[in-house]
Amino acid sequence: MKLNLHQDDPQPPADALTAVQKALVSFPAAVAAEPDSPGPYDLRVLAAIGQVPRHLLIPQLLAPVGPDRPARHWRLLDLEQHPEEHLAVCYGLEQVVVQLDRPAAVPTGGQAQGAPTAQSSAIGLIAAVLTDLAPGPGERLVEVGACTGYLAALATNLTGRQVMGVEVDPDLVRVAAPRLVAAGADVRMVVRNGLRGLAGRWDAIAVSFSVRGLPAAWTGALAPGGRLAATVITGAPGWGASALVVRDERGVLSGRLEYRRWTHVPDRTAGWLPLPSGAPARPGRRRSGVLAPPRAEPGFWVAAAHLLPRVRRHYRAPGTEPDAVVLVDGAGSRAEVAADGSAAVEWGPRNLWAQAEAVHDRWAAAGRPAAYDLEFGPAGTVRTVGGAGLSWELPLL
């Protein structure tokens, strides 16, 4: 489903202006106070959040219906016709969905089904990215995967100059460009597959979708002193990590990779690893006294995501204890682990929790790193290093 591309964008009625103003003014404080946020944030970024009118860039949006996540049912909200509900989502703390994978004509207030194909990222993640990049006055910034152009609009406030937004979907660009002009944001939107490269040299590159690796086409576009911020995933939800890459004044690349609870959605060609359709019908192999799933060791889960190929966690798996950890792969292997480590049951050709325990041993022997160094080699290779005996290469893109 795509939003209306032909009618003039709706404007809030006069009696909603106060609500708009209140929402915009209170937005920075709500972002800064969010529990478990990636903050603290740059105060300049919070100030920009309170000045850029997000509702003008997203006058129509899709609000999730019901408690299930990821949501599959949505209600189309229009700023003009549903101002209170619209503003609550637009200036809320979750991602804002603007497009689904099932094209359909839905009236405002009506419901639609499907998976999101375009969304403005959660505001806390946007604030964290801009805090990491710290764009200064006069610096050249490009957003890859710009969607509505909201992050790019915030960046214009920080740089005081035009920002470029690169987006592969021409319909999104066609909608976003005039809205950015109307909102007074000096953002140039262009249709391009950002994974294939960026023209020019940039002081800051913000990537607003998750990737499996860091393309040389991006790192090669960094000017001396330039920074690149991207979310690196393996296709396992909840195991993402934030990469910050810097090219120093001599042209040498370096970077860090560390866990971040909030991540961008994957690029359209990758997606998440699939889940099995149901629980195993036969008994599994039971072990007692295993490693209790670490709850406060995010550095371990970053390593596990990369060193356990094609494995993901099955959150809220049917038929399991609410606090149990369930790991699955796409070839019939499964592990259900009690939260206290009292037992693990494994199915399939891989002993998934035994493999996870081996990764934990390597991680502990390397000093329990919370963050990893990124080392850039020839031909675009990127190696992640956490200490002695703990490293891996990111896929080439």
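This is a predicted model: local features need pLDDT of at least 70, side-chain atom pairs count only at pLDDT 80 or more; totals for chains, interfaces and linings use all residues.
Local features require pLDDT of at least 70 and side-chain atom pairs pLDDT 80 or more, whereas totals for chains, interfaces and linings use all residues. Residues are numbered from 1 along each chain as its sequence is written, and side-chain values use heavy atoms, with hydrogens and water left out.

Secondary structure follows DSSP runs numbered from the N terminus, with helices being H or I of at least four residues and strands E of at least two; two strands are taken as paired if DSSP finds at least two bridges between them. An open, antiparallel sheet is formed by five strands in the order 13-17-16-15-14. Its edges are strand 13 (285-288) and strand 14 (311-313), each pairing on one side only. On average, neighbouring strands of this sheet are turned by 20 degrees against each other, direction ignored. Strand 13 runs antiparallel to strand 17 (residues 343-347) and is joined to it by four bridges; arginine 287 has alanine 344 of strand 17 as its bridge partner. Helix 10 (residues 352-365) packs on the sheet and touches strand 13, strand 14, strand 15 (325-329), strand 16 (334-337) and strand 17, contact meaning heavy atoms within 4.5 Å. The direction of helix 10 makes about 105 degrees with that of strand 15, where axes are lines fitted to C-alpha atoms, for helices over the stretch in contact, and angles run from 0 to 180 degrees between N-to-C directions.

Strand 6 (residues 141-144) is covered on both faces, with Leu141 and Glu143 buried on one side and Val142 and Val144 on the other (buried: under 20% relative accessible area, 1.4 Å probe, protein chains only). Four bridges connect strand 6 in parallel to strand 9 (residues 202-211), and glutamate 143 is partnered there by alanine 206.

Three cavities of 30 Å³ or more are present, a cavity being a set of points on a 1 Å grid over the protein atoms alone where a 1.4 Å probe fits but cannot get out. The second largest cavity holds about 70 Å³, and its lining includes Glu143, Tyr150 and Ser208. Strand 5 (116-120) and helix 6 (150-159) each supply at least two lining residues.

The second largest pocket, with about 270 Å³ of space, is lined by residues including Trp239, Arg313 and Val325. A pocket is an open set with protein on both sides within 12 Å along at least five of seven lines, and lining residues have an atom within 4 Å of a point.

Conventions. Grid points are joined across faces, edges and corners, and a volume is the space filled by probe spheres set on the points. Buried means under 20% relative accessible area, exposed over 50%, partly exposed in between (1.4 Å probe, protein chains only).
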